[in-house]
Amino acid sequence: MTVEERFGIQFYLNPSAITCDGSRAAVEGASRRIIASGRFGLDLLDMCSGVGTIGLGLLKRLGPNRLSSVSLADINVFNILSARETIKLNGFVNARAYVSDGFHGLHALGPVDLAVGNPPHNPAPVLSQEMTPSLLGGFDSDWAFHKNFYSSVHSWLRPDGETWLL
């Protein structure tokens, strides 16, 4: 186990978790857009969340008045285990983390105001490449995840909800 600090959050990282090094720009840009919207009390879904750097970074930066809840979803169980420990370690009471292949593991989640995500944009690994925990969820063969996400996301959003892929 290692602990890494970002955005004033102590992120718990187990050895097989994947971090998102480009998350700082995503958190800053999304924060500005949320503030500019003038909206408060938003329920946020961070799809393909990894260990939660974007969703939890937004919660830390904007606070619980702007973000009533943050739900993290990722197919990689190691990322979600790390995210759950990060939530506990930092005392986030309005954040939850779900193991989910797209929307398939989110049955307990109600509609959200904002769905953000950083989905994989890579083709499938070469068949001879060994499948490791760090590869789980790191590719999107034939854009299947993207196609499913775009065809389904509207049913998870409130009427004035938005989707931002970062």
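Predicted model: local features only at pLDDT ≥ 70, side-chain atom pairs only at ≥ 80, totals over all residues.
Local features were considered at pLDDT of at least 70 and side-chain atom pairs at pLDDT 80 or more, whereas totals for chains, interfaces and linings use all residues. Residues are numbered from 1 along each chain as its sequence is written, and side-chain values use heavy atoms, with hydrogens and water left out.

Helix H1 (residues 23-37) comprises 15 residues and reaches 21 Å from its first C-alpha to its last, close to the 21 Å expected at 1.5 Å a residue (1.5 Å times one less than the number of residues); helices (H or I, at least four residues) and strands (E, at least two) are DSSP runs numbered from the N terminus. Its buried residues (under 20% relative accessible area, 1.4 Å probe, protein chains only) are Ser23, Ala26, Val27, Ala30, Ser31 and Ile34. Seen down the axis of H1, these residues fall within an arc of 125° and so line one face of the helix, the arc being that of the directions from the axis to the C-beta atoms. They pack against S1, strand S3 (42-47), helix H2 (53-66), strand S6 (112-117) and strand S7 (157-165), with contact meaning heavy atoms within 4.5 Å. The face turned away from the buried side carries Ala25, Arg32 and Ala36, which are exposed (over 50%). After H1 comes Gly38, with a positive phi near 75°.

In helix H3 (residues 77-90), Thr86 is buried, at a relative accessible area of 0%. Not counting residues up to four places away in sequence, Thr86 touches Ile9, Gln10, Phe11, Tyr12, Leu56 and Phe92.
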